[in-house]
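Subject: Structure handover

Hello,

Here is the structure for your files. Please open it next to this email and follow the residue numbers as you read.

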Amino acid sequence: MPLLLQPHPLSHKKLHIALVGNPNSGKSSLFNSLTGLNQKVGNFPGVTVDKKTGSTRLDDRTEAELIDLPGTYSLYPRRADEWVAYKVLMGADTDLKADVVLLVADASNLKRNLLFCSQMIDLKIPVVMALTMNDIASKKGIKIDISGLEADLGIPVVAVNPRKNKGLNELKKVLAQVSRLGNSAVPRDFIDNKKLAAPSIDAIQQLDGSLSDYAAVHYLINHESFPLSETVQQKIEQIEIDHKFNPTKTQAEEIMHRYTRIRQIMQQNVLEPGPLEKKLFTDKLDNLLLHHTWGYVILLSVLFLLFQSIFWLAAFPMDGIEWGFAEISGWLGTHLPSGWWSDLIINGLVAGLSGILVFVPQIMILFGLITILEDTGYMARISFLSDRLMRKVGLNGKSVMPMVSGFACAVPAIMSARNIENRKERLLTIMVTPLMSCSARLPVYTILISLVIDDTYYLGFLSLQGLVMMALYLLGTVMALIVSYVMKWFIKISEKSFFILELPIYRAPRWKNVVITMVEKARIFVTDAGKVIMVISLLLWFLSSYGPGDRMEKTETKYVALIQQMPDQIDSLQRQLSTEKLQNSYAGILGQFIEPAIQPLGYDWKIGISLITSFAAREVFVGTMATLYSVEESDDSSLRAKLQSAKHADGSKVYTLAAALSLMVFYVLAMQCMSTLAVVKRETKSWKWPTIQLIYMTVLAYGMSWITYILFS
């Protein structure tokens, strides 16, 4: 009686290859090199774990789908993403079957990688090993006899360098050959698994004779997590009782036997330098970058340069885009006949589009610099440096990666918290990550800083605007740590916490990868965020141009009469007409309704409308302001100029230093967007935590903004 329905390895129309390996073994690089742009990213059914798949052609006859499974160190899962990889490899995933396993192993750290490899071999699945990091192994003085390694493991081993596209054609050829061999390509046993628990294994194999000895061991240990019938589950439980199966003892014996055999293989096939050999340059670099004092100084310097660069490098393209849209608006205003549709194009479509494209340079620069930090290996060092501080506030070093990723976007950042094993630390990380200023807030900060902060440079290169920008990012980070410290006393989850992090070796950034990331993120910003901004801009144009009843008609009639009486004041009256029409529109009525609640913060009703619309996406703030001011004013000046001249009813400026700083603080601390709340609900599987998150962030934002306004007024 089969336990699971497992299809024949070649029953698929397209070959399915599972890409597996330890974290930082070069798996992602190999996946990208083999699949190119033929990739899809989704979620595995039923779990919030990224599912990356891609197509590649092995030869003229064979097309394959590559499934990039989450990185794992062994076949004993602890985290949600490791369970996903485990179930696919065990044949317990009903939606995904692997015909061949492509195992990526780091040549510079082969002993550790061979543990997982040996477990794959004993599952009796066709396995091919791709040996990466060979250049680093060579620098360390490590020499590997690949043919001897193949003979001892009983599987094909191919040396590759995905970064330079070396060895990929040979790897494809080997994968195609192994796929055609099918079951005859199944490797021999790495260790004698039957000795681990012979009576129990025999009993499991009587239930399903297709299981290997090692697969039977895993059915004994983890059968509760497999999609088995209740009857089969009870039978396995009874086998465990009858034969006094001890999973902990069995697992310990297995690992011990594997490392004994791995040591023999290493002695025969790998020549390693002695422990007194000279350290690599990267080891010396770590002594500086991870120093208990200088490490933090360098980290702050790197972040400082990051934010200075965002302003300095983006200034010229942003000015050019602003000028271009002002020219387009002016040309359209001159050549298009007056009417509702021309007003829609100029003040709805073009104004909304300018609010999107003007910030593309900053988005590209931010993501480009973050990609360089990740590619060089420095981002992992930030986690290591921060562990001591993180532990004091209830987090651990692994929380840094989601929090730093939150500078880009909170949605994938919160999803990346799955790598944190401790449930309390994971929940705390999720709760505070939205306080990190995402790239969607960058347009808001940029325009407000340019309004009230002088473009002053200290020492010839320190931008005051860049310093204010960095202060906003630091404010979000400090508040995240404070909130985590407070929340750790209220979240009652007791679990041991460990921080195990493998530091990747330093490498030169892949400039092609950096450019692709910059272009891709800009495309996503323009298409995904842009869609939301354009829809809201067009909706706002309608709400700003029309009002209930005959309010708008009465206003127009009133000013037509005034213009006839005072023709010499036509320009002034036209501006007053636009202002009064906006106040009587649907948008104006809504804004004035909420104005009393936000007046203590120094905001007017137009800012109130922007606060509401930007809950869809933070960058919508700029599009909203662009539309509101374009509807009110008919000139073609830039949005910055319009905001600079904006005034309250009493003639005082709207965007004073106090009001602008208050608004910046509000955007630092308020909940980012609806998408963030949705992903928190999905990750925590409850509306409780996103509700708490929305309430505490709103109260915190309102309170701190009010204090800021009072202090600077």
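Arg 180 and Asp 59 form a salt bridge through their side chains, at 2.4 Å from N to O; the term means a side-chain nitrogen of Lys or Arg within 4 Å of a carboxyl oxygen of Asp or Glu. Arg 180 belongs to helix α6 (residues 168–181) and Asp 59 to the loop between β3 (50–57) and β4 (63–68), so the bridge ties together parts 121 residues apart in sequence. Helices (H or I, at least four residues) and strands (E, at least two) are DSSP runs, numbered from the N terminus. Arg 180 is partly exposed at 37% relative accessibility, and Asp 59 is partly exposed at 23%. Here, buried means under 20% relative accessible area, exposed over 50%, and partly exposed in between (1.4 Å probe, protein chains only).

The model is predicted: local features need pLDDT of at least 70 and side-chain atom pairs count only at pLDDT 80 or more, while totals for chains, interfaces and linings use all residues. Residues are numbered from 1 along each chain as its sequence is written, and side-chain values use heavy atoms, with hydrogens and water left out.

The structure holds eight salt bridges. Another of them joins Lys 124 and Asp 189 at 3.0 Å, N to O. Lys 124 sits in the loop between α3 (110–122) and β6 (127–132), and Asp 189 in the loop between α6 and α7 (198–207), so this pair ties together parts 65 residues apart in sequence. Lys 124 is partly exposed at 28%, as is Asp 189 at 35%.

Asp 122, Glu 254 and Arg 258 are linked in a network of salt bridges.

Regards
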